[in-house]
Amino acid sequence: MPLLRPALVPIALAALTLVACGGGAQGVQGEVDAGEDAGTDAGTDAGSGNTGDAGPCPTDPPPDALGDAVVTPGESNRYLLKGRVATPDSLFEPGQVLVVNDKIACVGVDCSSDANAAGATIIDTKGVIFPGLVDAHNHTQYDYLPPYTPTPPMLFQNRGQWAARSDYSAWTASVNDNEGTYVCEQVKYGELRALMGGTTTIEGSYNIALKCFRTLVHNAEYGNELGTSKMRTNIPGVDSVTSDYATTLRNGMLDGSITAYVIHLAEGVDAKSKNEFATLVSKGLLLPPTVIIHGTALTQTEFAQMAQAGAKLIWSPDSNLILYGATTDVRTAMAAGVSVSIAPDWTLSGSGTVLAELKVARQVSCTQWDGLLDAKTLVKMATSNPADALALGQYIGRIQPGLLADLLVIADRGQETYRTLVEARPQDVRLVMIAGNLRYGDSALIAATGRAPCDALQMCGVEKRICVADSTDATDKLNEGLIQIVQAVSGFYTNPYRFDLCP
Ligand SMILES: [Zn+2]
């Protein structure tokens, strides 16, 4: 099938554009309907009254944004956000979200009468408010690298084939060569890319206790506000698991001390890849906490076993298509009852962000599965599904009182609510908040809230600000902002993969 972008062809690189900030802007009110839609499927929901509701495979181009956000300054530890809200199970149109410190205090049609709303900074977003996106599988440290291009260009049968190649080793050499000095900047560069794409939690960061990458985007494995980690991750694959360690893992999953076991499995299209599933089963590791990354070689038989066990699937269609020319049979997996989440994998073969990966997922759905995945399903595959798969649903993945205030606001373009996220372009990311902390958004909006220190940049023609540094303390490089991070990576790698991958 055709790919969304040319496979195995490097994308031209350019230096990040850093610009001065513009002034504030006033906008017009977006036209939205009142009332709550308690979970109807977006692709066929005719009740929203918004334009662009054309089923799961619309072809009309997205319209322009209806207007800019308007800020009424108030206290910096509480925010009242107004707009359309997708929790994502329910809709409030219009709706409000009240944030107090790092948590969500209220969501509904009206939170302004909540006692905690007094004195809050009010942001009339003129946007659609979603949970922050949850990237359930990535290799964050590698995400300054451009797409890997074997010579000559080719497709593979399994992951071992490209991983063993000398041109792959050369492509990735700068990671190991420089991590001793620059691991903070390597990982933070990947986190900045994720953040600009609306991701607030990411799996697959570096496993050492440096605070430098535990303070920006949540690292799923390593705590932060996500509680004591009960995750285990296996990147090498199931053959690397000794019988003793398999026993330890199995016991941990059975007694609750391990709540998510995230493992690369069956990545490829050959029998070798498929046989990894039988090995997983033989080692006693197909259990409810098991989260299979890829599963590209699996069929109905294995998906039925996964569903029976309660195991989950992480799907990276762009990476699969680029490396193998085929992707996981998600239609069969879902029919069997397997929970599926979307994750971009990494920049070497996948999309730059979850936001971009949603477009690939929809294209696969529309070209191969008759539009199986409507917009609401896709939104859940990037929010609540991965949060639950990683056993972090008590912290993230939904807009719900008591959960962390991880929020993503997309500019309202008058489209059906869920479709607003699926079709959002990089420049449409209006605001990203992590644990109540404004991290990224439209320049005038961030400026009006008084959030500092922040760095200015242009994202596909729209002025943005990103707020990285939380401290003047140089320990673990907590004082670094966007400019310092980009300069550090550029010092050991010429032209790191640009953030602004504009359609
Ligand atoms: Zn991976």
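Biologist: How many bridges join strand 10 to strand 11, and do the two run parallel or antiparallel?

Modeller: Two strands count as paired if DSSP finds at least two bridges between them; strands (E, at least two residues) and helices (H or I, at least four residues) are themselves DSSP runs, numbered from the N terminus. In this case strand 10 (residues 231–234) is joined to strand 11 by four bridges, and the two run parallel. Within this pairing Thr233 stands opposite Val262, while Asn234 stands opposite Ile263. Please keep in mind that this is a predicted model, in which local features need pLDDT of at least 70 and side-chain atom pairs count only at pLDDT 80 or more, whereas totals for chains, interfaces and linings use all residues. Residues are numbered from 1 along each chain as its sequence is written.

Biologist: Which strand pairs with strand 11 over five bridges?

Modeller: That partner is strand 12 (residues 290–294), which pairs with strand 11 in the parallel sense, and here Leu265 has His294 as its bridge partner. The chain passes from strand 11 through helix 4 (residues 271–282) to strand 12 in a right-handed β-α-β crossover; right-handed means that, with the strands pointing away from the viewer, the path from the first strand over the helix to the second runs clockwise. Strand 10, helix 3 (residues 243–255) and strand 11 likewise form a right-handed β-α-β unit.

Biologist: In what order do the five strands of the open sheet lie?

Modeller: The order is 10-11-12-13-14, with parallel pairing. Strand 10 and strand 14 (340–342) are the edges, and each has a single partner strand, so one side of each lacks a neighbour in the sheet.

Biologist: Are the residues on the two faces of strand 11 buried or exposed?

Modeller: In a regular strand the side chains alternate between the two faces of the sheet. A residue is called buried if 20 or more other C-beta atoms, placed from the backbone, lie within 10 Å of its own, exposed if 12 or fewer do, and partly exposed in between. By this reading Ala260, Val262 and His264 on one side of strand 11 are buried, as are Tyr261, Ile263 and Leu265 on the other, so that six of the six residues in strand 11 (residues 260–265) are buried.

Biologist: How many residues of strand 15 are buried?

Modeller: Five of the five residues of strand 15 (residues 407–411) are buried, so this strand is largely enclosed by the rest of the structure. Leu407, Val409 and Ala411 point one way, and Leu408 and Ile410 point the other way. Strand 15 pairs in the antiparallel sense with strand 6 (residues 120–131) over five bridges, where Ile129 has Val409 as its bridge partner. Four bridges join strand 15 to strand 16 (residues 429–434), again antiparallel, and Leu408 stands opposite Val432 there.

Biologist: Which residues touch the most other members of the largest nonpolar core?

Modeller: A nonpolar core is a set of buried Ala, Val, Leu, Ile, Met, Phe, Trp, Tyr and Cys residues joined through C-beta atoms within 7 Å. The largest one here has 147 residues, and Val97, Leu98 and Leu390 touch the most other members. Helix 2 (residues 166–196) provides the largest share of this core, with eight residues.

Biologist: What share of the whole protein counts as buried?

Modeller: Of its 503 residues, 54% count as buried, and the protein contains 13 helices and 19 strands.
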